[in-house]
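Please keep the model in view while going through the points.

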Amino acid sequence: MRIDKYLANMNVGSRKEVHQLIKKGVVAVNGKTVKTPKEKINENDVVTVNGEEIAYQKYHYFLLNKPKGVLSATEDRSQKTVISLLDSQDQYLPVGRLDKDTTGLLLLTNDGQLNHELLAPNKHVAKVYRAQITGVADEETAKTFASGMTLGDGTKLKPAKLKILKQDKENDTSEIEIEISEGKYHQIKRMFGAVGMKVTALDRRSMGNLHLPADLKRGKYVELSLDEVKNIK
Ligand code: URA
């Protein structure tokens with residue numbers, strides 16, 4: 001494999017950033033400075049950047065702060081996808097989906113097995129969202145959600161926890177936090193729709209033990225260790 005592809009795949013940076021590192025002379029293979037991004041390496045080679053070893057790692061896990069307007073898909077003819085936000089895009093998949101207009105925590109990985117495990121319907125990983133609502137959510141709304149409601153099309157939902165953060169009766173709006181343990185299509189929007197309200201902004205804050213870091217900007221991501229991902233539950 002070419003050294004530039006290897007370093008991009010190990011998430012040292014984008015291809016462009018990797019080329020700059022090579023130009024700077026800080027990349028070495030078996031102690032010898034790399035002169036060209038075309039240089040080939042094999043599995044026994046020791047690759048370093050600024051003296052630090054960049055060991056081979058097959059699977060990577062990213063926590064993305066999804067911005068509005070990008071699709072939770074791998075590719076699309078005309079629209080930007082969450083995968084296009086990654087430096088290395090080989091074989092990556094989003095773990096579940098957020099709607100195009102939903103923001104916040106989304107996991108991305110090239111570990112198909114783990115993706116599958118986290119999405120299994122019996123996993124019930126708790127997901128917490130913050131939302132802006134048109135309508136005044138109150139204790140009645142919380143009770144309805146807590147009871148495990150049935151949507152208009154007969155979809156039966158598990159109990160959800162609703163916390164009311166702000167009620168603005170004058171403007172007929174609310175700010176809420178909601179915890180759900182499943183991921184049905186447009187679930188939160190449909191839950192509020194069923195009680196005559198509308199979600200106007202939705203942001204996922206956590207998934208199990210994983211929280212969206214406060215300093216992670218929209219469109220940016222951080223790499224997680226396998227342990228952090230496994231600890232999600
Ligand atoms: N519920 C929704 O309605 N949309 C999302 O993106 C996630 C949960």
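1. Eleven residues, written 11 in the count, belong to domain 2 and are in contact with nine residues of domain 3, contact meaning heavy atoms within 4.5 Å. The model is a predicted one, in which local features need pLDDT of at least 70 and side-chain atom pairs count only at pLDDT 80 or more, while totals for chains, interfaces and linings use all residues. Residues are numbered from 1 along each chain as its sequence is written, and side-chain values use heavy atoms, without hydrogens and water.

2. Domain 2 comprises 61-107 + 213-232 and domain 3 comprises 126-207, bounds that come from an automatic or database domain assignment. Their C-alpha centres are 23 Å apart.

3. Three salt bridges are counted between domain 2 and domain 3 (a side-chain nitrogen of Lys or Arg within 4 Å of a carboxyl oxygen of Asp or Glu). Aspartate 101 forms a salt bridge with lysine 189, with 2.7 Å between the closest N and O atoms.

4. Which residues surround the ligand? They are Leu98, Asp99, Thr102, Tyr129, His186, Gln187, Ile188, Lys189 and Leu202, each with a heavy atom within 4 Å of the ligand.

5. An oxygen atom of the ligand lies 2.9 Å from a side-chain N or O atom of threonine 102. A nitrogen atom of the ligand is 3.1 Å from a backbone N or O atom of isoleucine 188. The ligand taken alone exposes 240 Å², and the protein buries 95% of that (accessible areas by the Shrake-Rupley method with a 1.4 Å probe; for residues, only the protein chains shown count as cover).

How values were computed. Polar contact = N/O pair within 3.5 Å; in protein donor to acceptor, adjacent residues only side chain to side chain.
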